[in-house]
Amino acid sequence: MGADHPDDLEPGRLLFAKECRFTAGAMTLEALPPPGLPEVAFAGRSNVGKSSLVNALTGRKTLAKVSATPGRTQQINFFDLGGRLVLVDLPGYGYSKAGKAKAALWTRTAQLFLKGRPTLRRVLLLVDARHGPNAHDRAAMDRFDEAAVNFQVVLTKADKAAPGPLRRLAVSLAKELKGHLAAHPEILVTSAAEGTGIPALRAALAALAD
Ligand code: GDP
């Protein structure tokens, strides 16, 4: 992407300088807002750092509530970014405090959303930089392939990963992604805690905005 160059980062900076506001939260397909602006969804296992990443991107500390309890984000949340892009916060998978039945319901809603959303430009699949993808993440990748939903892996909590293992993970993951038709080849490495990779991610999202 060449996003290390300041000129390449500028569209992302401008987009994320705009107002970002919560517009809708949906537990069921019926409750989804009608499709309008281009959308980018955030997916990942509970506790991967999704809320922290959305907050770091938007520069707002309380936008996506950072959950002390894994699986507390129970609905699909929509945030309008400057009338140009909608950020869609999907429920985290892999764990639910509210029980298996409810977790399954959310997962189903999320899957149906992924399949049927004409305005969805990309899913960012968040993966912990220390651990790499787990079985749930790999199942999600398969579902994105099936639904032909473009997805991009974003590594989170990079500040907690040692440089050597992180480099090796990026290499092996890039290889793995070649086996996925719907995968965007570039992996983004981020740390919400330290701000690493945030400008590059903003720039990647600006390229998908209206
Ligand atoms: P979510 O469940 O995916 O929304 O995850 P959260 O954003 O609530 O984060 C889960 C935990 O990971 C919290 O304790 C965060 O403080 C921590 N966390 C999130 N992002 C980072 C990061 O970039 N670096 C570090 N060191 N910790 C992080």
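## Worked exercises on a predicted protein–ligand model

Gly132 sits in the loop that joins strand 5 (120–128) to helix 4; helices (H or I, at least four residues) and strands (E, at least two) are DSSP runs, numbered from the N terminus. The model is predicted, so local features need pLDDT of at least 70 and side-chain atom pairs count only at pLDDT 80 or more, while totals for chains, interfaces and linings use all residues. Residues are numbered from 1 along each chain as its sequence is written, and side-chain values use heavy atoms, with hydrogens and water left out.

### Exercise 1: Gly132 and the chain

**Task.** Decide whether Gly132 is buried or exposed, and state the C-alpha separation of Gly132 and Leu155.

**Solution.** 

Step 1. Recall the classes: buried means under 20% relative accessible area, exposed over 50%, and partly exposed in between (1.4 Å probe, protein chains only).

Step 2. Gly132 has a relative accessible area of 8%, so this glycine is buried.

Step 3. Leu155 is 23 residues from Gly132 along the chain, and their C-alpha atoms are 8.0 Å apart.

Step 4. For context, 49% of the 210 residues in the protein chain are buried. The chain holds six helices and seven strands, in the order α-β-β-α-β-β-α-β-α-β-α-β-α.

### Exercise 2: The ligand shell

**Task.** Work out which residues are closest to the ligand and what share of the ligand area the protein buries.

**Solution.** 

Step 1. Count a residue as near if one of its heavy atoms lies within 4 Å of the ligand. The shell then has 14 residues, and the closest are Lys50, Ser51, Ser52, Asp159 and Ala192.

Step 2. Sort the shell by class, where Ala, Val, Leu, Ile, Met, Phe, Trp, Tyr, Cys and Pro count as nonpolar, Asp, Glu, Lys and Arg as charged, and the others, Gly among them, as polar. This gives four nonpolar, six polar and four charged residues.

Step 3. Look for polar contacts (a pair of N or O atoms within 3.5 Å; within protein, one must be able to donate a hydrogen and the other to accept it, and residues adjacent in sequence count only if both atoms are side-chain atoms). The side chain of Ser52 has an N or O atom 2.6 Å from a ligand oxygen. In the side chain of Asp159, an N or O atom is 2.7 Å from a ligand nitrogen. Ala193 uses a backbone N or O atom, 3.1 Å from an oxygen atom of the ligand.

Step 4. Taken alone, the ligand exposes 580 Å², and the protein buries 78% of that (Shrake-Rupley method with a 1.4 Å probe; for residues, only the protein chains shown count as cover).

### Exercise 3: Ser191

**Task.** Find which backbone nitrogens the side chain of Ser191 reaches.

**Solution.** 

Step 1. Ser191 lies in the loop between strand 7 (188–189) and helix 6 (198–206). Its relative accessible area is 0%, so Ser191 is buried.

Step 2. The Ser191 side chain reaches the backbone nitrogen of Ala193 at 3.3 Å and that of Glu194 at 2.9 Å.

### Exercise 4: The largest cavity

**Task.** Describe the volume and lining of the largest cavity.

**Solution.** 

Step 1. On a 1 Å grid over the protein atoms alone, a cavity is a set of points where a 1.4 Å probe fits but cannot get out, and lining residues have an atom within 4 Å of a point. Points are joined across faces, edges and corners, and a volume is the space filled by probe spheres set on them.

Step 2. There are two cavities of 30 Å³ or more, and the largest holds about 140 Å³ of space.

Step 3. Its lining has 13 residues, with Pro91, Tyr93, Thr107, Ala110 and Arg143 nearest the centre. Helix 3 gives the most, with five residues.

Methods: A residue is near a molecule or strand if one of its heavy atoms lies within 4 Å of it. On a 1 Å grid over the protein atoms alone, a cavity is a set of points where a 1.4 Å probe fits but cannot get out, and a pocket is an open set with protein on both sides within 12 Å along at least five of seven lines; lining residues have an atom within 4 Å of a point.
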